[in-house]
Amino acid sequence: MWSMDLKGAQEAFLAVLQQLPQPETRKAFLAWVDDTWIRGDPPNLMVCPPPCLPPPMAPACTSEYTSGDTKLRKIADDLRELMPLNAILPTEQITFPSVGENADCDPSHTLHVDAFLYDEDMVDELCDTGELARNYCVDCSSHNTQPITYVSHSASRERLAYVFRALLPPIPEDTILLDIGSRLGAVLYGAYIYTKCQRIVGVEINQELCQVQQTIINKYQFQDRLQVLHGDIQDHGEVVRVADIICLNNVFEFFMPPSVQARIWAFLRANIKKGALMVTIPSLEDSLQYLDCGFRLQEWAREIPPHNPNITAPFDFQSETSEVKLYQVI
């Protein structure tokens, strides 16, 4: 037999809504609540849930995620005011991959849609208003169309929650966390909000993006634990060598040719300390498959499983487990 207070019920209700990604499904669900429980004659409630149902989400756990997600959502709101719709600045140089899984990404039918700034509901709204396209025409003036490819260079709020609450083990306060290619700072803000890590460092090669991150850091007073360094990661070997956790989120593939990628991976191989953890998207196997880096992955790092993949959370982490990988340097 179990019960829930009003706050816990509200958080559980929000958690249910977050599991309904399609706007029309949410509307139908809320209409059912209105018809059945507000305007209608509610059915008799059971004293306790059927045995086949999972136990309710712990209010404290739900509250932690809800609070963190709310903060990240506010930051995303601010960033949308600072960035163009595609979140790519004119000073950035995009290099579309020539090898690997994304080699079929063509500028004519690939759109950059930042997952931290725009969740699925917002993307649907942008498509409905015509600000984003869903499909492209294969043959001019014909009905032969194909879906547009969306590419994100930031982690979504759900992905950040997964990384810091399910994938990584508990992080001691004296941990040094490094995000390589921090761009808008999503990983940095997630680390600040979800952990007690005392030193969080982002390295970003684009000066304007560094300024964007600093604007957010100053507004939310994150500067006590968070800093952004401008420059090529190869010029910041001192922080690479001391980092305990290194995050690499889709960091090189769309921004430099394969020869430069290989050189940077060789640099990381030589400088990341033994025992350090690496969070990578995509997997290291996929990132290194077509590059001549001068070393074998098996001699550098081993994949380790998520620390707590079954943690209770108001997000669906299932899709993240196949895309976000955790490695330890050996």
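Author: Arg183 sits in the loop between strand 5 (176-180) and helix 6; helices (H or I, at least four residues) and strands (E, at least two) are DSSP runs, numbered from the N terminus. You are looking at a predicted model, in which local features need pLDDT of at least 70, side-chain atom pairs count only at pLDDT 80 or more, and totals for chains, interfaces and linings use all residues. Residues are numbered from 1 along each chain as its sequence is written, while side-chain values use heavy atoms, with hydrogens and water left out.

Reader: Does Arg183 count as buried or exposed, and why?

Author: Buried means under 20% relative accessible area, exposed over 50%, and partly exposed in between (1.4 Å probe, protein chains only). Arg183 has 6% relative accessibility, so the residue counts as buried.

Reader: And is phi of Arg183 positive or negative?

Author: Phi of Arg183 is positive, about 50 degrees, although the residue is not a glycine. For background, most residues other than glycine have a negative phi, and most peptide bonds are trans. Gln221, in the loop between helix 7 and strand 7, also has a positive phi, near 55 degrees. With a relative accessible area of 58%, Gln221 is therefore exposed.

Reader: What kind of peptide bond joins Ile281 and Pro282?

Author: That one is cis, with omega about 5 degrees. Pro282 belongs to the loop between strand 9 and helix 10.

Reader: What makes Trp265 and Trp300 an aromatic pair, and of which kind?

Author: Rings of Phe, Tyr and Trp (its six-membered ring) pair if their centres lie within 6.5 Å; planes under 30 degrees apart count as stacked, over 60 as edge-to-face and the rest as tilted. By this rule there are six aromatic pairs. Trp265 and Trp300 are 6.4 Å apart centre to centre with 75 degrees between the planes, so they make an edge-to-face pair. The pair links distant parts of the chain, 35 residues apart: Trp265 in helix 9 (residues 258-271) and Trp300 in the loop between helix 10 (284-288) and strand 10 (301-303). Both Trp265 and Trp300 are buried.

Reader: How do you know that helix 5 is mostly covered?

Author: Nine of the eleven residues of helix 5 (residues 157-167) are buried, including Leu160, Tyr162 and Phe164.

Reader: Which residues have the most contacts inside the largest nonpolar core?

Author: A nonpolar core is a set of buried Ala, Val, Leu, Ile, Met, Phe, Trp, Tyr and Cys residues joined through side-chain atoms within 4.5 Å. The largest such core has 55 residues, and those with the most contacts inside it are Leu79, Phe116, Phe164, Leu168, Tyr189, Leu226 and Val279. Helix 6 gives the largest share of this core, eight residues.

Reader: What makes up the nonpolar surface patch of about 340 Å²?

Author: Trp32, Trp37 and Ile38 make this patch. Patches are made of residues with over 30% relative accessible area and no salt bridge: like charges are joined within 9 Å, nonpolar side chains (Val, Leu, Ile, Met, Phe, Trp, Tyr) within 5 Å. A salt bridge is a side-chain nitrogen of Lys or Arg within 4 Å of a carboxyl oxygen of Asp or Glu. Ile38, part of helix 2 (residues 23-38), has 61% relative accessibility and so counts as exposed.

Terms used
Accessible areas come from the Shrake-Rupley method with a 1.4 Å probe; for residues, only the protein chains shown count as cover.
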